[in-house]
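Work through the exercises below with the model open beside you. Try each task before reading its solution.

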Amino acid sequence: MFSASAAGEEAVNGSAEPWVALGGTGPDGRAYTLVFSGLGDGDRWFTWTAMYPGVGVAFAFERPVTIAAGTTRRGRHAVVLADGALDAATAAALAASASVRRPDSATTW
């Protein structure tokens with residue numbers, strides 16, 4: 001687990017980095033990297049690796065967030081799956097290109 005300026009679950013969890021990456025090895029022994037991007041204003045990354053790997057967007061990480069009745073909160077997130085173990089520069093480039101190429105992938109809560 002890493003970002004542009006941090007490495008490890010504890011350092012990345014709760015950060016507001018523009019992207020985070022999670023690397024692993026598949027059953028065939030080949031390395032892969034997942035690159036996540038798309039935090040909104042005030043959002044934080046919620047990450048864990050202890051029992052199983054996971055990355056999520058926490059829009060109420062530090063304090064409760066109220067969404068008024070009749071309103072919506074929208075988020076736009078991208079995930080890139082790449083072969084191999086990536087370095088930070090490559091992960092950053094993939095995160096930037098994914099958010100530009102897939103503007104139609106918005107999720108509404």
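This is a predicted model: local features need pLDDT of at least 70, side-chain atom pairs count only at pLDDT 80 or more; totals for chains, interfaces and linings use all residues.

## Exercise 1: the nonpolar cores

The largest nonpolar core has 11 residues: Phe2, Trp19, Ala21, Val35, Ala78, Val80, Ala82, Leu86, Ala91, Ala95 and Ala98. A nonpolar core is a set of buried Ala, Val, Leu, Ile, Met, Phe, Trp, Tyr and Cys residues joined through side-chain atoms within 4.5 Å. Buried means under 20% relative accessible area, exposed over 50%, partly exposed in between (1.4 Å probe, protein chains only). Residues are numbered from 1 along each chain as its sequence is written, and side-chain values use heavy atoms, leaving out hydrogens and water.

**Solution.** 
1. Helices (H or I, at least four residues) and strands (E, at least two) are DSSP runs, numbered from the N terminus.
2. Another core lies apart from it, with 8 residues, including Met1, Ala6, Trp45 and Val55.
3. Now take Phe2. Beyond its neighbours within four places in sequence, Phe2 is in contact (heavy atoms within 4.5 Å) with Ala7, Val12, Trp19, Val20, Ala21, Leu86, Asp87, Ala88 and Ala91.

## Exercise 2: two residues compared

**Solution.** 
1. Ser37 is found in strand E3.
2. Leaving aside neighbours within four places in sequence, Ser37 contacts Pro18, Trp19, Trp45, Arg76, His77, Ala78 and Ala95.
3. At 27% relative accessibility, Phe59 counts as partly exposed.
4. With neighbours within four places set aside, Phe59 touches Asp43, Val65, Ile67 and Arg73.
5. The C-alpha atoms of Phe59 and Leu39 are separated by 8.6 Å. Along the chain, these two are 20 residues apart.

## Exercise 3: the whole chain

**Task.** State the order of the elements, and where confidence is lowest.

**Solution.** 
1. The chain has 2 helices and 8 strands.
2. From the N terminus, the elements run β-α-β-β-β-β-β-β-α-β.
3. Of the 109 residues, 31% count as buried.
4. Mean pLDDT is lowest in strand E8 (residues 106–108), at 44, and highest in strand E3 (residues 31–37), at 97.
5. Over residues 101–109 the pLDDT is below 50.

Note on methods:
pLDDT is the predictor's confidence in each residue, from 0 to 100.
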